[in-house]
Every structure is written in structure tokens, then in C-alpha cells.
Amino acid sequence: MINKKVADLLNDQINKEFYSAYLYLDMSNYFERRGLKGFANWYRIQAQEERDHAMLFYQYLQNNDCNVTLFVIGQPDKEFKCDMDVLRAGLTHEEYVTSLINNIYAVAYEVKDFRTMQFLDWFIKEQGEEETNARDMITKMELFGSDPKSLYMLNQELATRIYTAPSLVLD
Ligand code: MG
């Protein structure tokens with residue numbers, strides 16, 4: 001049986017990941033309205049990845065015979081005044097999610113829940129990648145965002161992102 005405190009945090013994380021999906025969908029929506037469909041595509045796929053994350057926590061709990069409680073998903077309420085606002089909000093959000101995952105890991109470590117630690121290893125690595133992606137996006141925008149031709153090229157590049165299922169598969 002998984003420790004109650006760990007199980008509660010894992011259950012909360014389902015909600016946090018669905019909120020992430022919602023937030024990225026809102027970012028996609030922003031870029032759709034801006035006419036930057038490549039950016040919109042990139043964030044829509046990001047939203048899809050976050051739903052996958054939520055489902056991994058959901059399934060992990062079920063596989064370990066824990067009750068799952070689904071809570072209300074918060075409304076994304078950030079107001080984006082420019083493209084850079086979106087990109088910076090993305091990085092801030094990923095840093096927050098990293099802190100959440102690290103906290104669950106720390107609690108699992110405390111109670112010697114090695115199974116959950118092993119499950120979370122994938123997410124620890126994933127968060128490193130998410131933060132790198134968010135930082136790369138900001139760097140690219142800083143370099144090229146103010147030039148319309150370069151922004152067009154960047155938009156084209158982001159349009160090529162395709163969805164791939166997470167490499168973590170639970171039985
Ligand atoms: Mg996530």
C-alpha cells in the first residue's frame with residue numbers, strides 16, 4: 001500500500017497536470033488568435049503531453065490500488081499581452097511543476113517508497129526537458145521575434161512538431 005501522504009500528493013498531481021494541459025491550451029488559443037499557427041500547434045501538442053502526464057499519475061494510483069479523486073480544474077486566468085508573456089509564463093509554470101514533482105519525490109524518499117521514487121524518475125527527467133524547451137523558446141524569440149521574416153520561419157519550424165506518446169508506459 002502506498003503511504004497516504006504520498007498517495008494524496010500523487011492524486012493532486014493529476015489535477016496539476018490537467019491544469020497544465022488547460023494552461024497550454026489557452027496559450028495555443030492565444031497564438032491561434034495571433035495568426036501564428038505554428039506556435040499554436042506547438043502549444044496544442046504540449047497540452048496533449050500534459051494530459052498524458054495526468055493519465056500516468058491516474059494509472060499509477062489505480063495500479064497500486066489507491067483511490068483516485070478528481071477535483072475541479074482551475075481556469076487559466078493569465079492575461080497575455082504579448083508573445084513573450086506566454087513564453088515566460090510557460091517557463092515559470094514548468095519550474096513550478098518541477099518543484100511539485102521534487103516535493104513528491106522528497107516525501108516518497110522520506111517514507112522509503114522506492115516504487116514511487118522509481119515511477120517519478122521519469123518525471124524528474126521530463127521536467128528537465130520541459131524547462132530546457134521553455135528556455136530555448138524564450139532564447140529563439142529574443143533572437144528572432146522582433147523580425148517578421150524570422151518570426152515567420154520560427155512559426156514554420158514550430159508547425160512541424162508532431163505528437164509522440166510518452167516513453168513511460170505503465171502496465
Ligand atoms: Mg507535465
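**Close-up views of a predicted model**

The model holds one cavity of 30 Å³ or more. A cavity here is a set of points on a 1 Å grid over the protein atoms alone, where a 1.4 Å probe fits but cannot get out. Grid points are joined across faces, edges and corners, and a volume is the space filled by probe spheres set on the points. This is a predicted model: local features need pLDDT of at least 70, side-chain atom pairs count only at pLDDT 80 or more, and totals for chains, interfaces and linings use all residues. Residues are numbered from 1 along each chain as its sequence is written, and side-chain values use heavy atoms, with hydrogens and water left out.

**View 1. The largest cavity and its lining.** Its volume is about 90 Å³. Lining residues have an atom within 4 Å of a point. Among them are Tyr24, Trp42, Tyr43, Gln46, Glu94, Glu130 and Met137. Helices α2, α3 (83-110) and α4 (114-144) each supply at least two residues of this lining. Helices are DSSP runs (H or I, at least four residues), numbered from the N terminus. The lining divides into seven nonpolar, three polar and two charged residues. Tyr and Trp count as nonpolar, Glu as charged, and Gly as polar.

View 2. Glu17 (OE), Glu50 (OE) and His53 (ND1) lie 2.1 to 2.2 Å from the ion. Donors are N, O and S atoms within 2.8 Å of the metal (3.2 Å for Na, K and Ca); water is not among the atoms, so the site may look incomplete. The sequence spacing of the donor residues is E-x32-E-x2-H. Glu17 in helix α1 (residues 4-34) and His53 in helix α2 (residues 37-63) are 36 residues apart, and the pair links distant parts of the chain. Both Glu17 and His53 are buried. Buried means under 20% relative accessible area, exposed over 50%, and partly exposed in between (1.4 Å probe, protein chains only).

**View 3. Helix α5 and its two faces.** Leu151, Leu154, Asn155 and Leu158 are the buried residues of α5. They cover an arc of only 100° around the axis, so they sit on the same side of α5. The arc is that of the directions from the helix axis to the C-beta atoms. The face turned away from the buried side carries the exposed residues Lys149, Tyr152 and Met153.

**View 4. Arg135 in helix α4.** Arg135 lies in α4. Arg135 counts as partly exposed, because its relative accessibility is 37%. Arg135 and Thr92 are 43 residues apart in sequence and 10.0 Å apart in space, C-alpha to C-alpha.

Conventions:
On a 1 Å grid over the protein atoms alone, a cavity is a set of points where a 1.4 Å probe fits but cannot get out, and a pocket is an open set with protein on both sides within 12 Å along at least five of seven lines; lining residues have an atom within 4 Å of a point.
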